[in-house]
Amino acid sequence: MMLASSLSTLGYLCMNIIGGQDVIPHSKPFMALIKDKKHYCGGSLIKKNWVLTAAHCQTKNAEVILGAHSRLKKEKEKQRFKIAKRIPYPCFDSGNKENDLMLLQLKGKVKINKAVKTTNLPNTGTDIKPGTRCQVIGWGTTNNQMNDMSDTLKQVNVTVIDRNTCNDKKHYNLQPEITKNMVCAGDVNGGKDSCSGDSGGPLICNGELKGITSFGKDGKCGAVQYPGVYTLLTASYINWIKKTIGGDLEDDFFAD
């Protein structure tokens, strides 16, 4: 996936929607747009002052926008927030892309309405069976040859792929390894994928938030051999999230 349009660390590949279509405006009220002057990521509002995103998204000078359909236009539904604290998962590894999730505490709480609502975490951290159809949502780029991101929020259907298949020599070939903390999802014919700028956004399966857009192969969005890879919301991750957002936070957590 292309690096230029994403909030990412060097060598990390953010994602955009390939082969998708516009969502009905404001029909995904939990969707967060994370942006600085040039770069973007996605996220999910899980509490009035908490957004879940990817750990590799650089957010130090970013703002979080809720209630957006258009990335660029003025919309009365938009609510903008600065970030009070950034809390990446303690064991995030940018090398093997393991544990790619982060919590953002907002400076203030959102006003809940039709355009801005929280989404629930999964009831359990169970795995997703291969063949399950899911949706990926984001404002990322829609073409490997384009650096421009979509102005409007889009979604695409993807299908979960068995890890053994995703790790074989015809796919990622264990570079990196797709672990049990990750989900591989794409399309048997290619052409449907997340891509640059979609990192941190949600993977929705059976109407439930099950994962976070993490990485793909540079310049290969939608390629059959390189499906998108997502952080699976396992039981351990869910427990960490609930513990973090449910209690007082320590002052040494990446305060901006």
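This is a predicted model: local features need pLDDT of at least 70, side-chain atom pairs count only at pLDDT 80 or more; totals for chains, interfaces and linings use all residues.
Residues are numbered from 1 along each chain as its sequence is written, and side-chain values use heavy atoms, without hydrogens and water. Local features need a pLDDT of at least 70 and side-chain atom pairs count only at pLDDT 80 or more, whereas totals for chains, interfaces and linings use all residues.

The protein chain averages a pLDDT (the predictor's confidence in each residue, from 0 to 100) of 84, and 81% of the residues score at least 70. Over residues 1-16 the pLDDT stays under 50, and the model has 100 contacts for them beyond four places in sequence; a contact means heavy atoms within 4.5 Å. Residues 248-253 also stay under 50, with 10 such contacts.

The whole structure holds 4 aromatic pairs, that is, rings of Phe, Tyr and Trp (its six-membered ring) with centres within 6.5 Å, classed as stacked if the planes are under 30 degrees apart, edge-to-face if over 60 and tilted otherwise. Y89 and Y237 pair edge-to-face, at 5.0 Å centre to centre and 80 degrees between the planes. Y89 lies in the loop between β6 (79-88) and β7 (102-106) and Y237 in helix α2 (residues 235-246), so this pair ties together parts 148 residues apart in sequence. Y237 is buried (under 20% relative accessible area; exposed is over 50%, partly exposed in between; 1.4 Å probe, protein chains only), with a relative accessible area of 1%. Y89, Y237 and W240 form one aromatic cluster.

Y172 is buried at 3%, and F215 is buried at 1%.

K97 lies over the face of F215, at 5.7 Å from the ring centre; the criterion is NZ of Lys or CZ of Arg within 6 Å of the ring centre and within 35 degrees of the ring normal.

Key:
Helices (H or I, at least four residues) and strands (E, at least two) are DSSP runs, numbered from the N terminus.
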